[in-house]
Amino acid sequence: MSLNTLGVVAGGFLYTAGFGPQDPVTGEIPEGVGAQTAQVLRNVAAVLAEQGLTLRDVVKVTTHLQHLKRDFAGYDAAYREFFSEPCPVRTTVGSDLMDILVEIDVVAVVPDTGGTFH
């Protein structure tokens, strides 16, 4: 994955594109919302790492779930394995996704570029 196409730094923050659950090496999509959420967050973490960031630098998460009511609990359980308190602010919405159950984009603060997070 390349940061050039999946994220942009502006105003001290890294803004990412929406990530799906495809494994970047194999192209495989795991079964179930928990496994898909975990793969999405691994994909996000890989792009953050290209900028020297981690999930601890994330300040905003937007999640799209194919089945919001049905899958929120499974998504939330997987999400909490990747983020610890204080968690980033989060918006989760139901969306019509293309053959996946979850898509996530994030905003992360980039140290020493003017972004602030308190």
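**From values to words**

Analyst: Leu-14 stands opposite Ala-108 in strand S5, and please keep in mind throughout that this is a predicted model.

User: What makes strands S2 and S5 a pair?

Analyst: Two strands pair if there are at least two bridges between them. Strand S2 (residues 13-16) and S5 are joined by three bridges, so they meet that condition, and they run antiparallel. Strand S3 (residues 58-65) is likewise antiparallel to S5, with seven bridges joining them, and here Thr-63 stands opposite Ile-104 in S5.

User: Why is S5 called largely enclosed by the rest of the structure?

Analyst: Strand S5 covers residues 102-109, and because six of these eight residues are buried, the strand is described as largely enclosed.

User: Why is Thr-37 called buried?

Analyst: A residue is buried when its relative accessible area is under 20%; Thr-37 has 0% relative accessibility, and therefore it counts as buried. Thr-37 lies in helix H2 (residues 33-50), and, leaving aside neighbours within four places in sequence, Thr-37 is in contact with Tyr-75, Ala-78, Tyr-79, Val-102 and Ile-104.

User: Which residues of the largest nonpolar core touch the most other members?

Analyst: Of its 23 residues, these are Val-44, Leu-48, Val-58, Val-61, Tyr-75, Phe-83 and Ile-104. H2, S3, helix H3 (68-82) and S5 each supply at least two residues of this core, and the largest share, six residues, comes from H2. Leaving aside neighbours within four places in sequence, Leu-48 is in contact with several residues, including Leu-14, Val-58 and Ala-108.

Key. Residues numbered from 1 in each chain as written. Predicted model: local features only at pLDDT ≥ 70, side-chain atom pairs only at ≥ 80, totals over all residues. Heavy atoms only, no water. Helix = DSSP H or I, 4+ residues; strand = E, 2+ residues; numbered from the N terminus. Buried < 20%, exposed > 50% of the residue type's maximum accessible area, 1.4 Å probe, protein only. Contact = heavy atoms within 4.5 Å. Core = buried A, V, L, I, M, F, W, Y, C linked by side-chain atoms within 4.5 Å.
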